[in-house]
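Please read it alongside the model.

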Amino acid sequence: MRQILLITLMALLFGAAGIWLVQQDQGYLLISLGTTSVEMSFWVGAIIYFVSCGILVWLLLLVRWLLDAGGIGRWWRLRRSSRHSSKTARGLLLFLGDDWQASSQILSQSAANSSMPQVNLLFAARAAAENKQLDQSRQLLERLKAEYPDAALYADLCLAELLTEDLKLEEALAILGSLDQDHKMVLRLLSKVYRLQADWRALCALIPTIKRQSVFDKEGLRNLQVEGYCGMLNKVANGSQATDQQKMLEDIWSTIPRAIRQVPEILIAYTDALMAVNCSDKGVLVLTKALKNQWHGQLVERFGNLQPKDSTKQLMLGEQWLEKHIEDPQLLMALGRICRHMGFLGKARDYMTSTIAIQPTAEAYYELSAVLSLMGDGKGSADMQRRGLDFVIESSGE
């Protein structure tokens, strides 16, 4: 309100001053053009001049505004940006629709004028790779790095991921090795490459960093640990019978965190490795302790597969468990195997027969056939083999 009052007052003062100057009549201004002449007082001419200049300046500013941010220029830029944004959106929709060729072409062509050119080039590269044009994908990612250096990391990560999907693992590993080893996406891709290479030792060495950087959630980290450590244990179980295999196995076991040592998958892999290096006695101790804490069918099965130097305690433990788990088919099968290994063929036959009565399986029929064969019952052994084969055919038909 005060500003309006002040402006009004100033306008009145300047108006009064202008009228006073005109009334002084201190000279005149004559403008003659051909036969036409215009005469006015000097101050009237001066006022007309300054007002005209003011109007001209105002018109120039108005034209500049119309052509720049506030008007036609801004409208034109917005229209052009909208047109290229529409192309980007179309390219992304084609990407989602698996039209890789068209998607890559539209996204790459509209990148220069897009409001998000990095996104255009990244998705164009992915679309080209999906279309089996890995060389074109490389070129687009190199263009991204050259034109937008700040996006170089994402270009390298994208290329490493594409190479991994194409099973060019060594090349992907070389790229990832040159990047920040604490970056979550780098760690995630490294874990994937090591898994595909079955390089379990490298994967397990990476797990502490993965855990520290929270790359996976709790379940994902646990699954990664189980896969990595089981891979190392299975490599020992399936490896050659080297003289240092036992020490190697114990070294691996010592690196496994205590929190996951009782995971059934790891216990199974460890037990299989112990059997492979002729340490079944230790396997019996490990599984006895584990089964006291958790009853697990596969652990029971492995318990029956172990062949320690003296199976007496093994059989005694199994029969003690049978008092609590009377109709457990895995335990009955395990006891049957232990008895067969010990030469107690009658008990082995009874345990196998009970297993089939509770839960018939092809494996149970095979085990009973083997026991009957050892007992000299060729006809009974052949009958079990036939019944086992019939069971497999019926199961596959279902």
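1. Basis. This is a predicted model, where local features need pLDDT of at least 70, side-chain atom pairs count only at pLDDT 80 or more, and totals for chains, interfaces and linings use all residues. Residues are numbered from 1 along each chain as its sequence is written, and side-chain values use heavy atoms, with hydrogens and water left out.

2. The structure has zero disulfides, a disulfide being a pair of cysteine sulfur atoms within 2.5 Å. Cysteine 204 is in no disulfide. Its nearest cysteine sulfur belongs to cysteine 230, 9.4 Å away.

3. Cysteine burial. Cysteine 204 is buried, at 8% relative accessible area. Cysteine 279 also counts as buried, at 17% relative accessibility. The cut-offs are under 20% relative accessible area for buried, over 50% for exposed, and partly exposed in between (1.4 Å probe, protein chains only).

4. Leucine 167. Its phi is positive, about 65°, although leucine 167 is not a glycine. The residue sits in the loop between α7 (152-165) and α8 (169-177). Helices here are DSSP runs (H or I, at least four residues), numbered from the N terminus. Leucine 167 is exposed, with a relative accessible area of 59%.

5. Serine 214. Here too phi is positive, about 55°, and serine 214 is not a glycine. Its place is the loop between α10 (200-212) and α11 (218-237).

Note on methods: Helices (H or I, at least four residues) and strands (E, at least two) are DSSP runs, numbered from the N terminus.
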